[in-house]
Amino acid sequence: MEGILTNLAVGFGQVFQPVNFLMLVIGIILGLLVAVLPGLTLVMGVVLALPFTYSMDVIPAIILLTAMYVSGTYAGAWTSILFRVPGEPMDVPLLWDGYAMARKGQAAYALGWTLLSALFGGLVAATVMVLLAQPIARIALTFSTPEYFAILFFGLASVVSLGGSSLANALISLFFGLLIATVGVDDTYGAPRFTFGVQILSDGIDYLVVMVGAYGLGEVFMRLEQGFKSAPLEAVDSIRTRLPQLREVLARKGTFLRSSVIGIIIGLVPGAGATVASFLSYGVEGQYGKRWREMGNGIPEGIIAPQTAATASVGGAIVPLVTLGIPGSGATAIILGAFLLHGLQPGPQVFAASSNIVYSMFASVFVGIIVMCVIGYFAMKPMVRVLEFPEVIVSAYVMMLCLLGAFAARNNVTDVWLMVIFGIVGYLFERFKFPITPLVLGVILGPLAESSFMTTMISYGNDWTEFFTRPISGPIMAAAILTLLFPAIRHLRHEYSQRRIAAKGRGT
Amino acid sequence: MNCTELKQRSLQVGVALLLGLTSLAVTAQEKYPSRPIEFIVPWGPGGGADQLARKAAPLMEKELKVSLPVINVAGATGQTGLNKMLTSPADGYSISIFIADTLALQMESGTNWKLDDIVPAAIMIRQPSAFFVAENSPLKTWKDVEAEAKKRPLKVGVTGFGSADDLHVIYFNGKGLKLISVPFPKPSERYIAILGGHADLLYEQLGDVRSFLDGKQMRPVVIFADQRFPAFKDVPTGKELGHSIIINQFRAVAMKRGTDPQRVKAISDALAKVAASEEFKAYLKDQYADENSYIPASGAVDFMKHEFDTMKKYAPKK
């Protein structure tokens, strides 16, 4: 314990060296920018930053990339809340409650919750990461493909709690998303599917194109239909720009803690990361939270759950990287690359051999989260003012960002056209009361779920009971199935009680 | 970079973009390379292909004077990334790592690309492969593995079906061992599978799991090479055990067929310089690779054909 604290103190000392601190701030700002831009994902941002670290010393390099990773899980919430355009896939669950709050004139309040969630989730995970790295690393090893599949299945099932009014419409939307996700060369056997001999389709349809199109462009089309005169937002100024009160925070401590734990565990699991953590946490909150009935109508819980989990996943993902040499997420995989390029092999030996580097990385997570929140705090006020701009102008900028994002995804013009098509699809969905989120959820999680399903089947001789008999995947699958059955049961009970009331009415 | 420089630079970029857009005929005569070259890695970050690209890219940048952003496009045993390169124009601004595993897919007729679709610029690294067990596995030696695989099926973590990894599994199936290939395209999932006991064996190149070897988490039980490795004196080669199967894990840099030969040469020359550098030699050593790994463009096609014939020899007869 004392050893840890001494090492951590040395780490902090490193982070506050002028050059290193400069790198940290640059990393934070780059991460915020990458997160705000739809189409440029966090992982892609870290990949783009990697070459700049070649010529640096190892410590500033690692600090820069870690800082980017930390702040990249945060700023995408801004665009979700203000414009209903998720900056990162992990910000999709923030749309319901975040944007709903903004429509109610509580944009600043929603942003305040985001900031607090990122701060809380990030710091809790960072503390766990420092104190318990060795013991919890073993959790990562107990997860295999059946567990990955169970987690993803739960994520997909959570669509029910998010579907809004019609379960049937939500499921149609989800399966349409899953269908889109199958386009391209299949991951396991390399078979081309729905490619129609078109080369670009064999590359698959990027989920970014669907996400940015259906949300960003779809929303612009909706507003266009109404002549950019949608119900005016309640005066922004009437709500004070404020952070939530301590009392309000304490009332939601369960949500904070639950979401942090989910974030850390999902972060630990290789191949999942912030997006899965965010979806899963929202789903759990919608199912087991105190105010699950109100989820989606603009309550803070709907912001806390995904944001806390997303930022908490950072600490989780760093643990297997430094203890086992196995990255817990896409971004940590790139950081692993940076380690390797500087001739360091992460693994159990790094704690002994290069503890100063590991602890600088740990310290940069702490400092990074705080710097990020300070920047976020001061950015909040000018951001909210954007809502006072005429809708036409904001829509024009949203559209430009969407087009840029679609092109940036793969540097391919076809993606821009695909994005426009999905913009129209998103508009039609909205118009005919089909929820868009299940569609996007299917496109993002579908391929991950498919490959872990296939691998499990191959690994366990096509025995599907494997998902239900394993100690970790079993309960998760059970929870997922309950999630799916719950609305049906609720519906039946409702009918039953209605009938009883009716019967009673006749009796008297 | 001051303000005027910045303006100039952005002007240059703008002009380059315009040129690129207006006419491909014009770009053919323009100086190559004049803008960043996309360096595709058809595998996830952290694996051997990724390490090669990230090692080579900065060294190539010194020669070519443009940046080479490395992009990971994983999936379908490297075909997703290869498709990305093949769908880009043949202008030399998109190059890709091409490895033995992807070549092995050519044995199947279903692929939508042919070896003729690509032009190798150089073979950069050749590494021997091995079967590994977790350090705490009850299987300690190849003998243990053989005995166990006759009793129950053992799971082998491989990159994908049809890969060189898979061919080794098929080869040993032919020798009466019950081994099942379980594909994990992401290296991190493959390594978790063996360390967490979800798979019994791992097929991998020695250099790719060096950190696990140094950290005493995994060890090789058989190495598929001509001679024993000094670092693993006690581990038998496949040959000693009577299994002469040796499929090199090679990693090449490839371009699209139809690219101007001058441009292929520019990349090839840059790679020759990379291969000759001390830094790259140290990297080969670090990766437990053959120190004479490098094969220039002229010999690369023949080498790949030879490797392909070897693979075909061990592939299941249909």
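A:Tyr215 sits in helix 12 (residues 207–225) of chain A. Helices (H or I, at least four residues) and strands (E, at least two) are DSSP runs, numbered from the N terminus. A:Tyr215 counts as buried because it has 30 C-beta neighbours inside 10 Å. Buried means 20 or more other C-beta atoms within 10 Å of a residue's own, exposed means 12 or fewer, and partly exposed lies in between; C-beta atoms are placed from the backbone. Beyond its neighbours within four places in sequence, A:Tyr215 is in contact with A:Arg84, A:Val85, A:Pro86, A:Gly426 and A:Ile436. A contact needs C-beta atoms, placed from the backbone, within 7 Å. A:Glu430 is 215 residues away along the chain, yet its C-alpha atom is 9.7 Å from that of A:Tyr215.

This is a predicted model, in which local features need pLDDT of at least 70 and side-chain atom pairs count only at pLDDT 80 or more, while totals for chains, interfaces and linings use all residues. Residues are numbered from 1 along each chain as its sequence is written, and chains are lettered from A and ligands numbered from 1 in the order in which they are written.

Next, helix packing in chain A. Two packed helices are described by the angle between their axes and the distance between the axes. Axes are lines fitted to C-alpha atoms, for helices over the stretch in contact, and angles run from 0 to 180 degrees between N-to-C directions. The axes of helix 7 (residues 107–142) and helix 16 of chain A come within 6 Å and cross at roughly 30°. Helix 7 of chain A is therefore roughly parallel to helix 16 of chain A. Angles under 35 degrees count as roughly parallel, over 145 as roughly antiparallel, 65 to 115 as roughly perpendicular and the rest as oblique. The contact of these two helices has 23 nonpolar, 11 polar and no charged residues. Here Ala, Val, Leu, Ile, Met, Phe, Trp, Tyr, Cys and Pro count as nonpolar, Asp, Glu, Lys and Arg as charged, and the others, Gly among them, as polar.

Helix 16 (residues 301–324) of chain A also packs with helix 19 (residues 355–385) of chain A: their axes come within 11 Å and cross at roughly 175°. So helix 16 of chain A is roughly antiparallel to helix 19 of chain A. A:Val314, A:Gly315, A:Ile318 and A:Val322 of helix 16 meet A:Val358, A:Met361 and A:Val365 of helix 19. Six of these residues are nonpolar, one is polar and none is charged.

Now chain B. Chain B has 12 helices and 11 strands. Of its 318 residues, 54% are buried. In helix 7 (residues 164–174) of chain B, the buried residues are B:Ala164, B:Asp165, B:Asp166, B:Leu167, B:His168, B:Val169 and B:Phe172. Their cover includes strand 6 (154–158) and helix 12 (297–314) of chain B. After helix 7 of chain B comes B:Gly176, with a positive phi near 90°.

How many residues does each chain bring to the contact? Chain B gives 42 and chain A gives 40. On the chain B side, helix 8 of chain B gives the most, with six residues. That side has 16 nonpolar, 18 polar and eight charged residues.

Last, confidence. The predictor gives the complex an ipTM of 0.77 and a pTM of 0.78. Over residues 13–28 of chain B, pLDDT stays under 50. Where pLDDT is low, the predicted coordinates should not be read in detail.

Terms used: Contact = placed C-beta atoms within 7 Å. pLDDT = per-residue confidence, 0-100.
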